[in-house]
Amino acid sequence: MSDDPMSDGTANGEAVAAEFPEPAHRFASLTLVPKADEKLATKDFKSDQEVRWCPGCGDYAILAAFQSFLPELEIPRENLVIISGIGCSSRLPYYVNSYGMHSIHGRAPAIATGLASSRPDLSVWVITGDGDALSIGGNHLIHALRRNVNIKILLFNNRIYGLTKGQYSPTSEQGKVTKSTPFGSLDTPFNPVSLAIGAEAGFVARTIDSDRKHLTSVLRAAADHKGTAFVEIYQNCPIYNDDAFAPVTEPGERDQRLIRLEQAQPIRFGADRSQGLRFGRYGALEAVPVAGSDPDSLLVHNAEETDPSYAFALSRLDSSDFAHTPIGVFRNVERPSYDELMSAQIDTARQQQGDGDLAELLAGADTWQVG
Amino acid sequence: MTKQVQQLDRVIIRFAGDSGDGMQLAGDRFTQETATFGNDLSTLPNFPAEIRAPAGTLPGVSSFQLHFADHDILTPGDAPDVLVAMNPAALKANLADVPRGGDIIANTDEFTKRNLAKVGYDASPLEDGSLDAYQLHAIPLTSVTVKALEGFDITRKDAERAKNMFALGLLSWLYNRPVDGTLKYLETRFAARPEILAANKAAFQAGWNYGETTEAFSVQYEVKPAPLKPGKYRNITGNVALAYGLVAASRRSGLPLFLGSYPITPASDVLHELSKLKRFGVRTMQAEDEISGVGAALGASFGGGLGVTTTSGPGMCLKAETIGLAASVELPLIICDIQRAGPSTGMPTKTEQADLLMAIFGRNGESPVAVVAPATPADCFDTALEAVRIAVKYRTPVIILSDGYLANGSEPWRIPSLDALPKLRDEFKFASGNVAVDGKAGPPFLPFARDQKTLARPWAVPGTPGLEHRIGGIEKADITGSISYDPDNHDKMVRLRQAKIDGIAADIAPVEVDDPDGSAKVLVLGWGSTYGSIGAAVRRVRLAGGAVAQAHLRHLSPFPANLGDVLRSYEKVLVPEINLGQLALLLRGRYLTDVVSYNRVRGLPFRASELADVIQDVIANV
């Protein structure tokens, strides 16, 4: 961007984007973002700030996976913006060498919405946590999802408040004993994936901090979605909620419990992939042995199914003992993004009414002359 | 029949009726006719928050007052010369304001036993002699309208609804208003419904003819055009002027306008106006809440846009944290607070000035921001441009304190030429790129290295190579912007942020004092929408031989540099405010000089007569 402010009311984003040719293959969310002149490496996305999470925190693994994924975007560093709220996870922008804002508690989706809808030439990522996104910022999250701005939301879910030293969070299991709930928490937790699907999200996925390969593949899928992408990342807090996700992270254990969703593949899980899923009587999914089941009743994963009922049913397989925990992309359905529609309305208005004439606007329809 | 024409220099008319009677529309149209005719004018719409309060009740009364004159006027007037009362409730709610001898036009059709009982009249005041001291014109407005519309293919209900047009036609005749504008307006408004259009035009014409031919009115009045400064004029409300000012600022700065806003009375019209202006590249987002509105605006500012949010008091409370963030990350942000009566929900459609201290101080920590306030509806335009100038030059949030009276009130506005608007493009620069040359990177970018003169930090916009940086609400180290918990650094940053705002005082117009012969010992100092009432009161005092000076503040944070000297050069300073003395508190604290605080918090502008009495009292006690 030049140091001159934009010429007139046009969004500077549009002006900048026009200078770069459309690349051959791009992630769908980046079609209006310029392509990098040179290949960037993981180190290019590391800032000079010392990373200050607790030893063993799952955030380290997520940061490392994220930083090594970022070169795949093939965009200039200056066109990447990371906006976060408040909480342990929300410190992440400081550690990535891009533009970033560590904002206020719960409000990152709102700030990112204003930025992304006025600057389509930027790739905007929101980093948030279970308290930030689902408690104090719940309203902004659900509205960002239904609005479908072109932002990628990574929710680090450790099912606890870490930065305030260990109170239960909106994803903590009921009965959780913490400093603020010495007799056990009373509220029913949110299931973030169910919530996102209920909030009309077009892209909803879940992954795990310790599974770098899976995490990276989900980031890739999120970047390839134009509109709001929502990714829940199970993240271990070794200090206040250690091993909260052990059933799905411990080798051996996890393979019994995780349902790895792969587009257009039959859903298979459990020992020797002997289990499958089918719809029960009232629309809930149930796990059944593949052997002996009617093959037509067993589900093949389709995240692109427009109706959200299937993705929602998948999300409801979760239970407190993690007996069946799907990970991967639950839902991936494109619709026009908010920023795109907003720009289109401006273009239409200019086509139909001409570029705004300030003198004409100020004068209005009823004027009179004095002298 | 030729009727006598009587010359008047000024008239105050109040249209009053049920919320559904179309009084605001009738008032608006009469105002537009009056503006086109060339009178100076000032308006005061006054309506309940309920969209349709129970019909015929006192809480449901909606009114529109218009003051117009053959000379320059400043207020919508204290007491109406003419009251149009569409029902008993409208009469009862407004009669006390009408001076003896005033004209009352009452719609007799609505003075039924039931309607009278609803507002506690035992007998009809139109018949029991209680209005003998007034010029009563009892007219069956509803039934004459319905009769005039016989033969139109419309329902009886639609015919009855046209009674406001009948009343408007009658008043238009009475004051000899030009009617083309109203007829044109009706054609646009009812373009899709030809029968309703024809009926409304006919009702309007019937009202005019009624005045001309019946003997109910023996005199027609004439108020000559006012000798306004030469130029092209239009009538404009504060909210529209504010919206246009923001668009003008966008054009003059080259910054695309982004409005994040949640609907709230009396601010929503700014959102409505800006939403129409997409051809100016304006992006408007109706947010999920007040916090999101200001958050999105801040995001747009971070991206190099002109981020704006609009709200009223309750919304200001919710936006406080984000305004604090904007003050901390030092980005431009425009917050329009169209004040209304509080606390809490208060009286949403009534005016007040009680958000001043909240605007200046209402955030955690030391979080100084600039605060400006328009003085009149049209002044909202200039104030918006001034707010944007300060915001982009100093990279700071600027709060504009308008209010319900300015928002909905209107006045003639001399349309400025575009060349006369401030060149905001010259007031700021984005930080320029920092690209490696021959493999050698430039010096590291310092996001909190300040401009020596303005103390503004660089506005480094995403997309600019080499300026990648992180900002946030955590305290930043001076110059580098890295997270810092260093005690001395915090002390320094707190002072730097304050010094930046204080420094704006050297870059704003000094407060001007109107003291015609320099003999006054009393100064009346106001801010915001009280300008008109104070000005009218000062004129009255001067006409009566009193000496009084007047000054009005546009800048509330920081104050103009000469304000202390001005305060000290008068024996008494009177500060009228529609709050309990918020500016007075600031002046006493800041300048250690006492002021006389005069406060009424009735949800309405001051009456000029009331303020004139207060000024006379202060003069008498010097």
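Author: Domain bounds here come from an automatic or database domain assignment. On that basis chain B splits into domain 1 (4-222), domain 2 (233-427), domain 3 (429-489) and domain 4 (513-620). The C-alpha centres of domain 3 of chain B and domain 4 of chain B sit 44 Å apart.

Some ground rules before we zoom in. This is a predicted model, in which local features need pLDDT of at least 70 and side-chain atom pairs count only at pLDDT 80 or more, while totals for chains, interfaces and linings use all residues. Residues are numbered from 1 along each chain as its sequence is written, chains are lettered from A and ligands numbered from 1 in the order in which they are written, and side-chain values use heavy atoms, with hydrogens and water left out.

Now the salt bridges. Side chains of opposite charge can pair when their charged atoms come close. The working rule is a side-chain nitrogen of Lys or Arg within 4 Å of a carboxyl oxygen of Asp or Glu. Searching the whole structure turns up 42 salt bridges over all chains.

Start with Glu288(B) and Arg147(A), whose side chains meet in a salt bridge at 2.8 Å, N to O. This pair crosses between chains: Glu288(B) is in the loop between β11 (283-286) and α11 (290-302) of chain B, and Arg147(A) is in helix α5 (residues 138-147) of chain A. (Helices, H or I with at least four residues, and strands, E with at least two, are DSSP runs numbered from the N terminus.) Both Glu288(B) and Arg147(A) are buried. Buried is under 20% relative accessible area, exposed is over 50%, and partly exposed is in between, with a 1.4 Å probe and protein chains only.

Next up is a pair inside chain A. Arg206(A) and Glu232(A) join their side chains in a salt bridge of 2.8 Å, N to O. The two come from distant parts of the chain, 26 residues apart, with Arg206(A) in strand β5 (residues 203-208) of chain A and Glu232(A) in strand β6 (residues 229-234) of chain A. Arg206(A) counts as buried because its relative accessibility is 0%. Glu232(A) is buried too, as its relative accessible area is 1%.

Back in chain B, Glu386(B) forms a salt bridge with Arg389(B), and their closest N and O atoms are 2.9 Å apart. The two are 3 residues apart in helix α14 (residues 379-394) of chain B, which means about one helical turn separates them. Both Glu386(B) and Arg389(B) are buried.

Arg52(B), Lys157(B), Arg161(B), Arg189(B) and Arg193(B) gather in a patch of positive charge on the surface. Patches take residues with over 30% relative accessible area and no salt bridge, joining like charges within 9 Å and nonpolar side chains (Val, Leu, Ile, Met, Phe, Trp, Tyr) within 5 Å. Lys and Arg count as positive and Asp and Glu as negative, with His and the chain ends left out; each charge is placed at NZ of Lys, CZ of Arg, CG of Asp or CD of Glu. The areas come from the Shrake-Rupley method with a 1.4 Å probe, and for residues only the protein chains shown count as cover. From this group, Arg161(B) belongs to helix α5 of chain B and is exposed because its relative accessible area is 57%. Gly151(B) lies in the loop between α4 (141-148) and α5 (156-161) of chain B, and at 82% relative accessible area Gly151(B) is exposed.

Last, the backbone. Most residues other than glycine have a negative phi, and most peptide bonds are trans. Asn148(A), in the loop between α5 and β4 (151-157) of chain A, has a positive phi near 70°, and Asn148(A) is buried at 1% relative accessible area. Phe322(A) also has a positive phi, near 55°; Phe322(A) is in the loop between α10 (309-315) and β10 (325-332) of chain A. As for cis peptide bonds, one runs from Thr265(B) to Pro266(B), with omega near 0°, and another runs from Ser557(B) to Pro558(B), with omega near -10°.
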